Number of protein chains: 2
Amino acid sequence: MKYPNALKKEKINTFVNHKNRGMSLEQALNMTNGYYLENDIAVIHKKPTPIKVLETKYKEGQKQIITKAFYDEKSTTDYNGVYKGIYIDFEAKETVNKTLFPLSNIKKHQIEHMKKVIKQNGVSFIIISFIALNKIYLLKSEILINEINNNKRNITIDFLEKNGYLIKEKINPRIDYLSIINSLYFKEDL
Amino acid sequence: MKYPNALKKEKINTFVNHKNRGMSLEQALNMTNGYYLENDIAVIHKKPTPIKVLETKYKEGQKQIITKAFYDEKSTTDYNGVYKGIYIDFEAKETVNKTLFPLSNIKKHQIEHMKKVIKQNGVSFIIISFIALNKIYLLKSEILINEINNNKRNITIDFLEKNGYLIKEKINPRIDYLSIINSLYFKEDL
């Protein structure tokens, strides 16, 4: 409040840049979901990575050690949970690209999962972080699927500006995507 | 239809016993959820077991092998997903006990998770399979939590008969728990 607006804005941006340095989208989303959970705002977790365990052993007096396992290919999306009675399901992706997000990053079985969630009246979306631009967008899966059906290979920043929602980064919750869900489904702010 | 009722009943029971032999509750629920998924009835998956990966290696031309990992203790519940717009979340337990289910089988952090799901208007319950009795019950978490709050140590079959719902086993879907959810929340049959 002490600074003229222009200077204040610069200060905030510097801080935003600083706080993102070294933090992955996954870490930032886990912190965000932790905030939602602690404050009884929502129950949304990262789904554990499916792992196929082949061999384990016990060392005396210690807990079970997994000694041979593989990452399972057939995962669905990254996060799901419940918010005000609605089912939330989303995938989170980062890109170093400065102008577009290549749709080859979304696997076919993930699209099938999104379609099934939509059929069940769940809320399905993707969060795309453009690291170099320091911008994070939310795009509803309905629109994503429509682009894929129209044989589009990329989602451009321009497209996201028109059809997606920029998630403003805050200190806490860091990536407040539920503020977008609120305005879309509950017509109010978080 | 050819058999007198008594004989018909016996035939079915024999079949039910046979088909359950060697099949765990988890396998039966995964088949049930597979049926729901394929027939666009619901999108409910077993949450992958959380595993903390410590070491991996690549063998030439092969996929990544996990060589050291541990099971993470802090899991929530076994299954979640969406059905007709509502969030479904449940734990599944088997017991060889013939008269009761010991509540020590439910971990404290699982109860906390159930409470948070209920706060968000999600549908939370537990499925308990009594292997020796060949009976499977659904109990709403609200009732489970109430028993724990009243310092109860067990849930008896009698209690489940009065406060839970017997899930009749079928060929497909095998453990049709959504028929109970339907009658509770949608006042209709599946």
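What follows are my notes on the chain pairing, a helix packing and some backbone details.

**Ground rules.** I am working with a predicted model, in which local features need pLDDT of at least 70 and side-chain atom pairs count only at pLDDT 80 or more, while totals for chains, interfaces and linings use all residues. Residues are numbered from 1 along each chain as its sequence is written, chains are lettered from A and ligands numbered from 1 in the order in which they are written, and side-chain values use heavy atoms, with hydrogens and water left out.

**Interface.** I noted that chain A gives 39 residues to the contact and chain B gives 39 residues, where contact means heavy atoms within 4.5 Å. The area buried between chain A and chain B is about 3,200 Å², with 61% of it from carbon and sulfur atoms; buried area here is the accessible area (1.4 Å probe) that two parts lose on being put together, summed over both. On the chain A side, A:Ile66, A:Tyr71 and A:Gln120 lose the most area to chain B, together 21% of what that side buries. Because 100% of the interface residues of chain A are also interface residues in chain B, the copies meet through the same surface.

**Helix packing.** I then turned to helix α3 (residues 108–119) and helix α4 (residues 141–149) of chain A, which pack at an angle of about 130° with their axes 10 Å apart. Helices (H or I, at least four residues) and strands (E, at least two) are DSSP runs numbered from the N terminus, and axes are lines fitted to C-alpha atoms, for helices over the stretch in contact, with angles from 0 to 180 degrees between N-to-C directions. α3(A) and α4(A) are therefore oblique to each other, given that angles under 35 degrees count as roughly parallel, over 145 as roughly antiparallel, 65 to 115 as roughly perpendicular and the rest as oblique. The residues in contact are A:Ile111, A:Met114, A:Lys115 and A:Ile118 from α3(A), and A:Ser141, A:Glu142, A:Leu144, A:Ile145 and A:Ile148 from α4(A).

**Backbone.** Most residues other than glycine have a negative phi, and most peptide bonds are trans. I recorded a cis peptide bond from A:Asn172 to A:Pro173, with omega near -5°, and A:Pro173 lies in the loop between β10 (165–166) and α6 (177–186) of chain A. In chain B, a cis peptide bond joins B:Asn172 and B:Pro173, with omega about -5°. I also noted that A:Asn134, although not a glycine, has a positive phi of about 60°, and that its place is in the loop between β7 (123–130) and β8 (135–140) of chain A.
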